[in-house]
Amino acid sequence: MGNNGFFDNYGGKYVAEVLRRPLDELERAFTEAMADKDFLAELDLIRRDYIGRETPLYFAPTATKLLGGAQIYIKLEGLANTGAHKINNAIGQCLLAKRMGKTRIIAETGAGQHGLATAAACAKLGLDCTVYMGEVDVRRQQPNVAAMELYGAKVKPVVSGSRTLKDAVNEAMRDWAANPDSTHYVLGSALGPAPFPDIVREFQSVIGREVKRQCEERGVNIGAMVACVGGGSNSIGFFEPFINQKEPRLIGAEAGGIGPGIGENASRMTGTAARDGILQGYKSRFLLDEDGQALPTRSISAGLDYCGIGPQLAALGRSGRIEFTSVLDKDALEAVQFFARNEGILFALESAHAGAAAMKIAREIPKDQAVIINMSGRGDKDVFITSPVFRPKEWLDFLHAEIGRLESRKDIHEAEAMAVGQGPEAAALRQDSGRS
Ligand SMILES: *Cc1c(COP(=O)(O)O)cnc(C)c1O
């Protein structure tokens, strides 16, 4: 655990007085739960049967041969139910909330991946779910909004500020402060005020523990581990069992966007505009302007596009235990193609930043050692981003044709929607089942 919520100089709990009590209560409940055998047994069972753990550690023979250095292994975290590592944290926190007697869950989401994982976890555990999402993001991320609603969550568009992720965070904090007795706030990455960085790391460290065991069983000698870093949850969970030793090399890949200029990337550890600051309840490295205001960020991967980084990662970057590198959009796209064609594995754009960083260092590591890449998510969700790049004309034709098809069939669709469960009778049925 962090020392009193701090990791060296970073971390802490810089929040309004009204949030102190729910944060203290959460910290106590978390400590108790982690010492409760029944809680841990239930969590293990859900991990096995619902999330689909353990996830495979895959040896990538063709990539190994083509890159001509270390043995390449990929932790297939994207095979977890819902398609990414975020479900590990969502399930852990929702189960903790139930143990605390909470009936209502709130969450913030930017691209929608954390909202989606939380909505699924709430559906599985029978909790009421509200997801705050900037109005701009709601419009941009309709596929994830649709999925959240399928899971039964209410998606609330936030219209304050820039109408994006940081405004959604503020709105979620406000809701939590107003409803601390009934409600738990599921924060989506290893950041925010203490104790969230500890809680999220703990629930994600299942990734690293599995990797350690899988490598021991198979006699794999790890030379380096590589993960992408947005807020930092998949990376800190993947690295966790190895942090307090000198080896292996731990490498974090940040979004390099389109270049080093201000507003062109989300490089909080390697970027020119990176500085120490306090934002949204914690102290860490942020991309800030002279007045301490958050700067705009840019990345082809929505999940890495955030101006801050988890405090523990910031501390481990400063101490030198974790090396940081930044990966350009175009190199991430190339990594997506490389692993798809050569290994039959489709990386999420976020995870492809780790893939690209591994491709760069493979030759620095001896051939009898392994580089392990954490594939935090799978790339199916990115088809709306990758297709316009890889096959722009065909994709545009497809979208035009889809619009035409939908418009010509509009009345039929409305009639169908009435018939299959969005009409008044279906609503009445949902009321009867008590879970409307
Ligand atoms: C959200 C997301 C990330 C970035 O978040 P972290 O908290 O840094 O892990 C990375 N990969 C995928 C697939 C994501 O959905």
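How many helices and strands are there in the protein chain? There are 18 helices and 14 strands; helices are DSSP runs of H or I with at least four residues, strands are runs of E with at least two, and both are numbered from the N terminus. The radius of gyration of the chain is 22 Å, close to the 22 Å that the globule rule gives for 436 residues, so the chain is as compact as a globular protein of that length. That radius is taken over C-alpha atoms, and the rule is 2.2 Å times the number of residues to the power 0.38.

Before I continue, a word on the basis of these values. This is a predicted model, in which local features need pLDDT of at least 70 and side-chain atom pairs count only at pLDDT 80 or more, while totals for chains, interfaces and linings use all residues. Residues are numbered from 1 along each chain as its sequence is written, and side-chain values use heavy atoms, with hydrogens and water left out.

Let me begin with the chain as a whole. Its C-alpha trace spans about 65 × 55 × 50 Å along the principal axes. Of the 436 residues, 54% are buried; buried means under 20% relative accessible area, exposed means over 50%, and partly exposed lies in between, with a 1.4 Å probe and protein chains only. The chain exposes about 19300 Å², and carbon and sulfur atoms supply 51% of that area, as computed by the Shrake-Rupley method with a 1.4 Å probe.

Contacts between residues, meaning heavy atoms within 4.5 Å, can be sorted by separation along the sequence. Among those with a separation of 6 or more, 72% join residues 24 or more positions apart. As for charge, the mean positions of the 51 positive and 55 negative charges are 2 Å apart. Lys and Arg count as positive and Asp and Glu as negative, without His or the chain ends.

I turn now to strand β9, residues 222-228. How many of its 7 residues are buried? The count is 7 of 7, so the strand is mostly covered by the cut-off already given. Strand β9 pairs with two other strands, where pairing requires that DSSP finds at least two bridges. With strand β14, residues 370-374, it pairs in the parallel sense over 4 bridges, and M225 stands opposite I372 in β14. With strand β10, residues 249-257, β9 also runs parallel, joined by 5 bridges; there the bridge partner of V226 is I251. In a regular strand, side chains alternate between the two faces of the sheet.

Helix α9, residues 196-204, is mostly covered as well, with 8 of its 9 residues buried. Among the buried residues are F196, D198, R201 and Q204.

T118 is placed in helix α5, residues 113-125. Is T118 buried or exposed? It counts as buried, because its relative accessibility is 0%. Not counting residues up to four places away in sequence, T118 touches A90, I105, A107, C129 and V186.

A29 lies in helix α1 and counts as buried at 9% relative accessibility. A29 and W395 are 366 residues apart in sequence, and their C-alpha atoms are 49 Å apart in space.

Y14, by contrast, lies in the loop between β2 (10-11) and α1 (17-34). Because its relative accessibility is 37%, Y14 counts as partly exposed. Outside the four places on either side in sequence, Y14 touches F6, I278, G281, Y282 and K283.

Q280 lies in the loop between β11 (274-279) and β12 (282-287), and at 19% relative accessibility Q280 counts as buried.

Notes:
The place of a charge is taken as NZ of Lys, CZ of Arg, CG of Asp or CD of Glu.
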